[in-house]
Amino acid sequence: MRRLAKAGAVKLAWYLKQCGNTEILKTYSAVLPENAGFEDVVLAEAEADDYNEEQDALILYMISMCGDNPVAETLLQLSVLAALENVRGALDAVSSGNGNGVTLETACRIAMDGKRGVECLELVQDAFERFELLFIDDANKDVLKKQHIFDYRLFAALQGIDKLPATLNDLCGYMTPYDSLQQIYGVNEAYEGFKKRVIAGLQCVSQSSDANKGLTVIVSGERESGRFLHISHCAQECNYGLVIIDYREFENGSADLTTLKHVFRECFLRGYALAIINVSENKDLRARKLISQIERQYFNYFSFPLFISSAGDFKYAPFTGADYVSYELGKLSRTESVQIWNGYLDKTLVSEDFELEGIVSNLRLSAGQIKRVINSMKIIALSGKMVTEKDIFSLCYQILDDGRYNSIKRMKTDYYFSDLSLDPKNMQILERIRQQVSCHRIVMDEWGMQKKYSYGRAVSVLLAGPPGTGKTMAATALANELGLELYKVDLSQVVDKYIGETQKRLEDIFVKAENTNMVLFFDEADAIMGKRSETKDSHDKYANSEVAYILQRIEEFDGIVIMATNYVQNIDPAFARRIRYILNIQMPTAEVRYEIWKNLLEGDISTAKDIDLDFLAEQFELSGGNIKNIVLNAAYRAATEKVPVSMSHLINSIHLEFSKDNRALFSDTFGKYQWMLEW
């Protein structure tokens, strides 16, 4: 650097001497040689170019950037001089406005024997373009007055300091070509094909005669699907480091096209490619427009590839001057999920009865989510606890449920099939549903049925029957048997009077269910799945369109959906074909009622010896929900009296339950226990 500064000092002194500014030379005699001659200028120029290629590669590169342009060469030398020495007054004696650097006007006059910049516009413009990224002046738009300041970032780069400047710390990151990366599991073969296309694209760019030719590489997919991991591996195998900027910084206003020049300078100084991550679809096309602007500027400066990671719905075609490689990461198949789990999972973390197949069959996580679950498992293991399958399911749902669900509510119960009191036929159907979900990966992936069933793969269940017969209980028990979470759709938040809004909200719910492996539960399903009617007015037309949408969406749904209704006769017949399983749950028989009474009155509850289960089961035709209410009311009454639950408490609670439904009560309704009634 001192040699460049010396050349700049000799040139400046020679120019001032030629102009007769001897007083300025005396003022700066410690820096500027007063007796500089033309021979000194030639000698200093020769010394300025004499750098060791291994130790001073960046300086040599900067010198090579000047080419045969004397204005560019002088600009570089004077900017280094201005950075090392205070010669502002001497530079302003040549031309004003240098500030802490050097203007092109000043460099032009010194290099071209006093000619003004406007007289050498071709050389000035060429010098400006050569150093546009090296010297950044955000404030001055006039080419001749732009200040070329050899700032601390350039000094740091010359000294081999590989850190981002403070102004970019919160906006950017970087990855060197030698960074250790996570291995890619699950989609290894697809990645190899993607990498080969990128390498072929780079070869086409290198063989092109077009100076602005470039390669744009877009990797799209869902969040945490491994988009950036694929970009990192590909860049590293092509010997590129990455300067990384998050597109969301542009969305929130933290970054703009001016900031981008500083980012480009980092690419320039390091020889790294640019990666723009987390690009999302923007309905006003702002994302596509901004990416297009960035792309055009980038390929004006670099032949490096431009990497973009985006959401799956971001559609972009680069401008005609760029080649294009795209790669979309779809949802993982169950086989790919198994490979990822096996790749990341340390088997010493889990108990001996751990079965990966059950988790993979029931939970469809992205690669990033799997990695996060396994990291959480390591924390549990470090606490000294062996991780069980139940722990893993809990961790998975902590990651899947990010709190954004306003129109669906989680239903958490401890019911299992053993708690249900249904007839054998319905219990057999529930068991078949459980088996189907468990074997889903084998049938769809290993047996190739997924190709033949592009739609209609949903496990759809309709639970029909009178109120209180256990439809909701059966839904929660099925979800628990599968190890999945049950989310109930809040129809009050879904159904909307405005045209099209109901469909939009339902679509949002179905997408969430597909992405998070939840069991979707529609209670009172006839509210949105009612029979279509003859179209007489616009109301009928849009009501029918809602039903048609539900029919279509259930057929396309790739998950588990359970519907319950008290009025199966109100359900549109077209749903029958699209629903895989229908359970008609009737009022319980006396034998079933006996088991319900018995189960509810067992356990820690304190009961008297006079309870007559046979009489209760035979005498009163009640649903399971009715019986639960009766036992609960009786328990509260007994607790108030501080006595065990007795037959009297139950008889009076039954009378209260009948009164709610306005049922007719006869003198023999309560038989031999009529005397226990208190009203």
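Modeller: Helices (H or I, at least four residues) and strands (E, at least two) are DSSP runs, numbered from the N terminus. The model is predicted: local features need pLDDT of at least 70, side-chain atom pairs count only at pLDDT 80 or more, and totals for chains, interfaces and linings use all residues. Residues are numbered from 1 along each chain as its sequence is written, and side-chain values use heavy atoms, with hydrogens and water left out.

Biologist: How many helices and strands does the protein chain have?

Modeller: The DSSP runs are counted over the protein chain. The count gives 30 helices and 14 strands.

Biologist: What percentage of the residues in the protein chain is buried?

Modeller: Buried means under 20% relative accessible area, exposed over 50% and partly exposed in between, with a 1.4 Å probe and protein chains only. The protein chain has 679 residues, and the buried share of them is 50%.

Biologist: At what angle do helix H5 and helix H7 pack?

Modeller: Two packed helices are described by the angle between their axes and the distance between the axes. Axes are lines fitted to C-alpha atoms, for helices over the stretch in contact, and angles run from 0 to 180 degrees between N-to-C directions. For H5 (residues 70-84) and H7 (residues 104-111), the axes are 8 Å apart and the angle is about 115°.

Biologist: Which class of orientation do H5 and H7 therefore have to each other?

Modeller: Angles under 35 degrees count as roughly parallel, over 145 as roughly antiparallel, 65 to 115 as roughly perpendicular and the rest as oblique. H5 and H7 are therefore roughly perpendicular.

Biologist: Which residues of H7 make the contact with H5?

Modeller: Contact means heavy atoms within 4.5 Å. From H5 come Pro 70, Val 71, Thr 74, Leu 75 and Leu 78; from H7 come Leu 104, Ala 107, Cys 108, Ile 110 and Ala 111.

Biologist: Is Ser 623 buried or exposed?

Modeller: Ser 623 lies in the loop between helix H28 (613-619) and helix H29 (624-641). Because its relative accessibility is 1%, Ser 623 counts as buried.

Biologist: How far apart in space are Ser 623 and Gly 468, C-alpha to C-alpha?

Modeller: Leaving aside neighbours within four places in sequence, Ser 623 is in contact with Pro 467, Gly 468, Thr 469, Met 587 and Pro 588. Ser 623 and Gly 468 are 155 residues apart in sequence, while their C-alpha to C-alpha distance in space is 5.3 Å.
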